Amino acid sequence: MRRLACAVLGAMLVAAGLAAPSAAQDPRVRTFSTPLPPPREVLDRLNLQMAWRGYVPMDGRHDGLVTVQLHGSDLYVQTRSGLVTLIDAETGVPRWKTRVGRAYVAEHRLAFNSREVYVINNTYLYALDRRNGAPRWDYRLPEGVAAAPVADENMIYVPTQTGRFLAYYLPRPEQETALAQGMTKFYDEPGGKSEPRKRIPSIKGESRGSSTTISYLTPSVRDASTEEEPKGPRPVRVWSDVTSLRLELPVLYTFEHLLLPTPNGIVLAVSKLPTANGQAAELYRFRTDSPIRVPAGYFDEAAYVATEDANLYALQVSGGRILWRHTAGTAISRKPAVTDRDIYIVSGTKGMTRLDRVTGQPMWRIPVRGELAESNAAADRFLAVNPKYVYATDTSGRLLVLDRRRGVTLSGFDTRDFVYPISNEVSDRLYLAANNGLIVCLHDREYPQPIRHRKKEEEALNPVRIKLSEPMDDVGTADISLNVLLDSWTKRFPPLKFRIAENAFKRVNLDSPAEKTVKVNRVDHKPIGEVLEDVLSRIKDTKCTFDVIGDTVVIIPAP
């Protein structure tokens with residue numbers, strides 16, 4: 001009986017931890033500690049410089065970090081008590097903090113697109129405004145969630161505990177256009193039966209009443225276990241796929257496809273668009289020779305899938321073709337860390353290996369007892385990399401500095417009190433975190449500006465938002481109409497395109513700002529988006545703001 005109870009408990013812990021693999025594999029990750037930032041003499045010895053340090057608010061010693069995610073220049077932090085925080089990853093400045101849903105039930109990573117951040121709390125899906133963290137809507141899902149959802153500009157995809165994979169069109173109340181091509185006719189009924197499907201007229205969203213909602217920037221939380229109807233617009237289910245698989249690992253997505261690695265040893269590829277009759281469009285099922293226990297890596301249309309028989313497969317997402325395969329010798333124990341040039345894997349007692357991302361060939365030759373090894377046996381977890389050094393930790397949590405070219409250990413420092421590991425594949429910044437809320441950002445002194453490993457990918461994902469973050473200089477303009485200003489900016493700052501949501505202004509009984517007089521003051525190296533926000537906020541009698549929708553900057557009424 002004791003064995004059975006242990007087995008059941010172990011299965012529950014694995015199911016809860018696969019969305020945050022570090023928590024499942026490292027018993028220290030839930031430990032409360034009170035570390036101090038590394039002292040100056042240690043940083044000098046390691047040739048490191050502190051970029052910033054800050055604290056995320058915690059609800060005492062029983063609180064802690066659930067997820068820490070890097071996306072471009074954003075650092076998303078989620079705590080056990082239900083706080084979601086967005087921090088500027090390069091400066092450490094908190095942009096917003098919002099308490100979401102029920103405390104001490106969050107376990108899944110966040111999803112996000114250019115407009116919103118999506119939080120799974122119990123069986124509820126919450127949408128927060130990405131600019132300020134304000135709640136936009138919430139929705140009770142029909143089934144329990146098995147792994148973190150993923151989102152693009154139009155859709156959110158949710159793996160469930162029954163093996164069903166759900167695709168929802170996200171509500172866009174400010175937009176009146178119809179659903180995208182291939183999503184105009186059908187959606188699956190909640191029961192999952194093959195009965196006649198209803199037509200979806202638009203993506204505006206359907207309003208649902210509620211007597212309560214989550215609070216914003218207050219300590220109170222909503223009890224998501226109640227049977228109350230969620231508030232605001234709701235997502236519309238477009239299709240679902242009954243996979244008959246355990247969907248417990250993070251989903252990978254590209255512009256057109258979704259890839260679902262499963263512990264069964266099967267990698268399922270699905271098209272984002274359904275078939276003509278509204279069913280999910282499965283593209284292929286790639287079968288490995290053994291189970292998959294760790295999340296897959298991804299970069300530039302290739303997925304890197306590690307299996308328990310020590311193989312790492314480089315899989316072309318669109319066609320399911322194997323680009324190359326590397327055998328590590330022992331089972332790979334960590335998610336492959338992928339940058340534009342390298343892949344870093346950790347396998348059993350062999351430690352960390354650096355592979356060429358294009359060919360899969362090992363890049364290190366480390367002298368060990370008169371022989372040359374391909375792996376650094378001491379390195380147990382990848383943290384960050386720059387052109388000269390790889391930062392990792394050993395099994396005790398000690399920081400290691402490795403020579404990137406040769407793989408040998410150059411130096412180290414005791415960072416065991418920073419118990420929450422953050423693996424950064426996005427830039428060269430090294431992040432250390434602890435459950436008391438302390439986060440420290442370090443970088444090599446020779447690289448004061450962040451080195452972005454996924455710049456091409458970031459630009460491809462949202463070139464408009466990236467353009468809005470670029471600085472501009474302007475001597476200022478005389479009084480002109482908003483239409484004229486936006487036309488001139490379209491020509492001056494490609495690929496920016498602008499549209500004024502006329503219907504949105506009519507719905508709130510406001511005049512269109514198109515012909516309103518605006519003026520641009522002198523600007524010295526200020527982000528384009530901030531300049532636009534300032535111009536819109538000063539329009540007389542019509543308070544405006546903007547949102548990025550697909551490839552267009554849409555002017556909408558301010559909340």
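Residues are numbered from 1 along each chain as its sequence is written. In this predicted model, local features need pLDDT of at least 70 and side-chain atom pairs count only at pLDDT 80 or more, while totals for chains, interfaces and linings use all residues, and side-chain values use heavy atoms, with hydrogens and water left out.

Four strands form an open sheet in the order S10-S11-S12-S13, with antiparallel pairing; strands are DSSP runs of E with at least two residues, helices are runs of H or I with at least four, and both are numbered from the N terminus. Two strands pair if DSSP finds at least two bridges between them. Strand S10 (150-151) and strand S13 (236-242) stand at the edges with a single partner strand each, so one side of each has no neighbour in the sheet. Strand S11 (residues 155-159) and strand S12 (residues 164-169) are joined in the antiparallel sense over five bridges, and Met-155 stands opposite Tyr-169 in S12.

Thr-262, in the loop between strand S15 (257-261) and strand S16 (266-271), is buried, with a relative accessible area of 0%. Buried means under 20% relative accessible area, exposed over 50%, and partly exposed in between (1.4 Å probe, protein chains only). Leaving out residues up to four places away in sequence, Thr-262 touches Leu-245, Arg-246, Leu-247, Leu-249 and Ile-292, where contact means heavy atoms within 4.5 Å.

Ser-244 is in the loop between S13 and strand S14 (252-253), whereas Arg-369 lies in the loop between strand S25 (366-368) and strand S26 (371-373).
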